Amino acid sequence: MASYSELQQCVISGDKTRVKELTQAFLDNGKLPKEILDEGLIPGMAVVGKKFEACEFFIPEMLLSARALNAGLDLLKPLLEASDVKPIAKVLIGTVQGDIHDIGKNLVSAMLRGGGFEVIDAGVGVSPDQFVELAKETGVDIVGLSALLTTTMTAMKDTVQAFESDGSRNKIKIMIGGAPVTTKYAEEIGADGYARNASAAVEMAKKLIGAR
Amino acid sequence: MTREENYFKAIRFDYPEWIPISVRIMPATWAKYREALEEIVLQHPVIFGDYEKGNIDFDGFEGTYREGEHTDAWGCVWKNVSPGLEGVVVKCPLTRREDVHTFQPPNEHTGLPHGFMFMRLYYLRGFEELMIDFAEEPPELQILIDKVLGYNLNELDLLLEENPALIVLGDDLGNQDSLPIHPQKWIKYLKPCYARLFAKCHQKGSLVYLHSDGHILEIIPALIECGVDVLNPQVGANGIDNLARIAKGKIAIDLDLDRQHFPFWTLSQIEEHIHEAVEKLSLPQGGLLLIAEVAPDVPLKSIAAICEYLEKYKSSI
């Protein structure tokens, strides 16, 4: 019988085929889906995040690991849902109004999924009202806002204000990121957190959920 | 000494009289401020040369700066929702790895536009698919690189027929705070491309100017080895002290002043920034140039201040 350590290593090395095989093998041996997730897949992805922060891994390695993790997650997800196991939290993520760049958003989404979050991708050019409506519809815990340009990052402020105006601001946490965005800007517009990259976004999301 | 003579003295470390300065005005910025911006431009011939009233069509957006969707010669579909700013590739023609084998670069000549090499790879494959290629290193990665490079070498031949003193190239190689790929993979796959392109320029007697957005510190030594003569890095993404440590005196730097802060800085912060750049990077023999790009969210008074402070500090060599 393989160990969870081996599954973690396969996530880290991005071995999609082996992750799928091992996940299936654990299921066949009666392991609980939540245990496979918590002991194998997520810890593996956590190491990937640390390696990314330490500049041992770059985006190619991180994405390869994320795809490997998804191979296992695809097997577990229906079982987790059937047994009513909840994700760590639900995150709605999108690029703000006027901005259609999606590379950063997609990387953050991949890492959040790898961190055990359920991610709902709102797409690009999402208006403040759309964010508010989607957050209500999906019952998310966190809203992630992305912007690449100084000309569009101001839409982050509008989005925060839209949640305020709607009266639903205190029901969700808002985190922001993107090339020109900073911690200071997050504070200025009343967001709850800023993450400088995809790996940091996972840590910030965990922190925000812990702070709820 | 003319502006051009001084410019080449600066990039050749041949004791320029002043630090060459320039301001790049985005088309959307012209469209927003129009005649008021033109007045500023006319007040600064040292920066804008012999610009004359009416030289610019305020609403004349071209190529990927136009609103809507268009497909370029490579089959990449661009979308622009902010006319006057650069568009985004939203449909890539080579999303399946196997398509690389039958892919042919365009028959038409498109020159070497911004994003000619590394960015073109992900315009064609899609960013995530290209990153997976760099992770898995299948043969198709090198095949695609060779095809794009081959096209670029031919285009460069055409450009060099005019015997330009300087070939200006742009390709965003960095993310905000890191390279997208490991520096060793950059050296393995991409350095040979730039080395061949730059060598061709030098063989014809042309100097090479390379713009790159993003954090590129780890590959600046490799770019120097490739033969780049003038590098145009973003100060914000690389850090002024880092650039001084790695590149000062070794290569001419056309410092891309911190456009990510221009919309928000006070006038005194703008002055402090320009002063610091000159203080930390200028040398009597040259090697420093300054460029400020202004987007439409930079207040008009800040644009005027940028021009004034550039002129003020250009003689602080």
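In this predicted model, a salt bridge joins the side chains of Lys185(B) and Glu61(A), with 3.8 Å from N to O. It is one of 3 salt bridges across the interface of chain A and chain B. Between these chains, 7 residue pairs are in polar contact, both residues of each pair being at pLDDT 80 or more. By residue class, the side of chain A that touches chain B holds 11 nonpolar, 6 polar and 4 charged residues.

The extent of this contact was computed next. Chain A brings 21 residues to it, and chain B brings 30 residues. The size of an interface is often given as the accessible area lost when the parts come together. Between chain A and chain B, the buried area is about 2200 Å². Carbon and sulfur atoms account for 68% of it. Within chain A, the residues that lose the most area to chain B are Phe58(A), Pro60(A) and Ile100(A). Together they make up 26% of what that side buries.

A further interface lies within chain A. The domain assignment divides the chain into domain 1 (4-82) and domain 2 (90-210). The contact between them takes 11 residues from domain 1 of chain A and 12 residues from domain 2 of chain A. Taken over C-alpha atoms, the centres of the two domains of chain A are separated by 25 Å. About 940 Å² is buried between domain 1 and domain 2 of chain A, and carbon and sulfur atoms give 71% of this area. Three residues stand out on the domain 1 side: Ile42(A), Glu53(A) and Met62(A). They supply 41% of the area that domain 1 of chain A buries against domain 2 of chain A, more than any other three residues.

Glu53(A) also forms a salt bridge, its side chain meeting that of Arg196(A) at 2.7 Å, N to O. The count between domain 1 and domain 2 of chain A is 1 salt bridge. Helix H3 (33-53) and helix H4 (59-82) of chain A each supply at least two residues of the domain 1 side that touches domain 2. H4(A) provides the largest share of that side, 6 residues. The side of domain 1 of chain A that touches domain 2 of chain A comprises 9 nonpolar residues, 1 polar and 1 charged.

Methods: Residues numbered from 1 in each chain as written. Chains lettered and ligands numbered in written order. Predicted model: local features only at pLDDT ≥ 70, side-chain atom pairs only at ≥ 80, totals over all residues. Heavy atoms only, no water. Domains from an automatic or database assignment. Contact = heavy atoms within 4.5 Å. Buried area = accessible area lost by both parts, 1.4 Å probe. Salt bridge = Lys/Arg side-chain N within 4 Å of Asp/Glu carboxyl O. Helix = DSSP H or I, 4+ residues; strand = E, 2+ residues; numbered from the N terminus. Nonpolar A, V, L, I, M, F, W, Y, C, P; charged D, E, K, R; others polar. Polar contact = N/O pair within 3.5 Å; in protein donor to acceptor, adjacent residues only side chain to side chain.
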